[in-house]
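Keep the structure in view while reading.

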Amino acid sequence: MTELGQRLRQERESKGLSLEDLQKLTKIQKRYLLGIEEGNYEVMPGKFYVRAFIKQYCEAIGLDTDAIFEEYKSDIPSTQTEDMPQQLSRVRSRKEIPQHTKGVSKAYDYLPTVLVVAGVVVVGIIIWVIAQNIVSDKNKEQANQEAPNSEVQQSNTQEETNETTAKNDNSNSEDEQSAADKKEQEQEQEKAEKEKAAKEKAEKEKAEKEKKDSGKQEYKEVQKTGRSATYALSGTDAFNLEVTSTQADTWLDVKNGKGNAFFSSILKKGETKEFDLTKETEARVNIGYSPGVELKVNGKAVDLPFDSSKQVRQVVTIQYQPAEAQ
């Protein structure tokens with residue numbers, strides 16, 4: 001195992017990630033990730049992929065890629081342009097052409113004559129078809145001119161009647177459609193107003209509850225050890241947790257006291273996750289990359305237990321005791 005591979009494995013394990021978890025995050029096959037950790041680059045498709053995969057590995061676990069490449073450049077193979085296979089020439093001299101093709105060559109000499117004859121035949125057929133169509137059209141026109149005037153008048157009258165009926169039907173249909181559209185629009189507007197009122201009411205109640213709870217809420221430190229810290233939350237009937245990452249992607253794992261996970265994945269930069277933990281007595285928050293991570297308890301910002309520049313990974317345990325149980 002190379003020094004680079006050992007460094008990467010230690011960082012991955014410190015964040016509680018398995019090779020299967022890293023495979024889901026990077027979309028790189030597990031055997032390639034294992035090859036990077038063991039320094040076995042022979043399993044890779046090529047040297048370019050070695051550098052690309054190492055870069056994705058570092059980004060997934062929160063390491064500075066440029067710093068890693070500079071520090072362990074002796075462990076990372078440099079990319080080189082691979083020799084392309086020499087193209088085979090498609091040009092052959094006349095001496096290389098098999099003798100049995102001479103007969104075919106003679107046949108090609110007669111091909112222009114055959115094509116000219118075929119073209120003349122096709123043009124003649126087209127002219128004959130056009131002439132037949134012209135004669136047919138003239139016969140139809142003559143037959144129409146000889147038809148009785150009464151039939152023409154009757155046809156015109158029937159067409160006018162049909163047009164009048166169609167106009168009336170269209171007018172009625174448009175009126176009905178307009179009325180239906182107007183009614184549907186009014187219903188949608190009424191529904192939107194009700195939803196807006198309900199949303200405003202819920203937000204107002206939530207704000208009032210948070211304001212009420214914030215006045216008596218107490219969040220105090222119980223103990224610190226290593227990279228872990230425990231806090232006690234009391235004086236409130238709600239336990240709502242918000243986690244936001246403002247600087248970079250980070251691994252986030254949120255579990256209750258029984259070990260049941262509410263979230264266990266990458267929290268993207270600029271993303272916020274909210275958790276209603278009111279029914280829980282304890283919550284454990286595992287932050288893989290703490291710089292730029294913000295915590296809020298019941299809408300109130302709380303500090304991380306350690307300086308994120310010195311302690312990148314932090315584990316915060318919050319013990320909750322509802323006010324009504326005190």
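How many helices and strands does the secondary structure of the chain come to? The count is eight helices and 10 strands.

## The chain as a whole

The model is predicted. The chain has 326 residues, and 26% of them count as buried. Contacts between residues at least 6 apart in sequence can be sorted by how far along the chain they reach: 65% of them join residues at least 24 apart.

In soluble globular proteins, nonpolar side chains tend to be buried together. The largest nonpolar core in this model has 25 residues, and the members that touch the most others are Leu-4, Leu-8, Ile-54 and Ile-61. Two or more residues each are given to this core by H1, helix H2 (19-26), H3, H4 and helix H5 (65-71). H4 supplies the largest share, with six residues.

Leu-8 shows what such a position looks like in detail. Setting aside residues up to four places away in sequence, Leu-8 touches Ile-36, Tyr-57, Cys-58, Ile-61 and Leu-63. Another core, of 24 residues, lies apart from the largest one; Leu-233, Val-285, Leu-304 and Val-316 are among its members.

## How H3 and H4 pack

Two packed helices are described by the angle between their axes and the distance between the axes. For helix H3 (residues 30-38) and helix H4 (residues 47-60), the angle is about 90° and the axes are 11 Å apart. H3 and H4 are therefore roughly perpendicular to each other, because angles from 65 to 115 degrees are placed in that class.

Which residues make the contact between H3 and H4? From H3 come Tyr-32, Leu-33, Ile-36 and Glu-37, while H4 contributes Phe-53, Ile-54 and Tyr-57. By type, the residues of this contact divide into six nonpolar, no polar and one charged.

## Thr-65 in helix H5

Thr-65 is a residue of helix H5. Is Thr-65 buried or exposed? Its relative accessibility is 11%, and the limit for buried is under 20%, so Thr-65 counts as buried. Beyond its neighbours within four places in sequence, Thr-65 is in contact with Lys-55, Cys-58 and Glu-59.

## Salt bridges

The structure holds 13 salt bridges. One of them joins the side chains of Arg-7 and Glu-11, with 3.8 Å from N to O. Why are Arg-7 and Glu-11 separated by about one helical turn? They are four residues apart in helix H1 (residues 3-14), which puts about one turn between them. Arg-7 counts as partly exposed, at 24% relative accessibility.

Lys-73 and Glu-70 also meet through their side chains in a salt bridge, at 3.6 Å from N to O. Both Lys-73 and Glu-70 are exposed. A further salt bridge links Lys-224 with Glu-221, where the closest N and O atoms are 3.7 Å apart. Lys-224 is partly exposed, with a relative accessible area of 40%, and Glu-221 is likewise partly exposed, at 43%. Elsewhere, salt bridges that share partners join Arg-7, Glu-11, Lys-15 and Glu-71 into one network.

Terms used
Residues are numbered from 1 along each chain as its sequence is written. This is a predicted model: local features need pLDDT of at least 70, side-chain atom pairs count only at pLDDT 80 or more; totals for chains, interfaces and linings use all residues. Side-chain values use heavy atoms; hydrogens and water are left out. A salt bridge is a side-chain nitrogen of Lys or Arg within 4 Å of a carboxyl oxygen of Asp or Glu. Buried means under 20% relative accessible area, exposed over 50%, partly exposed in between (1.4 Å probe, protein chains only). Axes are lines fitted to C-alpha atoms, for helices over the stretch in contact, and angles run from 0 to 180 degrees between N-to-C directions. Angles under 35 degrees count as roughly parallel, over 145 as roughly antiparallel, 65 to 115 as roughly perpendicular and the rest as oblique. Contact means heavy atoms within 4.5 Å. Ala, Val, Leu, Ile, Met, Phe, Trp, Tyr, Cys and Pro count as nonpolar, Asp, Glu, Lys and Arg as charged, and the others, Gly among them, as polar. A nonpolar core is a set of buried Ala, Val, Leu, Ile, Met, Phe, Trp, Tyr and Cys residues joined through side-chain atoms within 4.5 Å.
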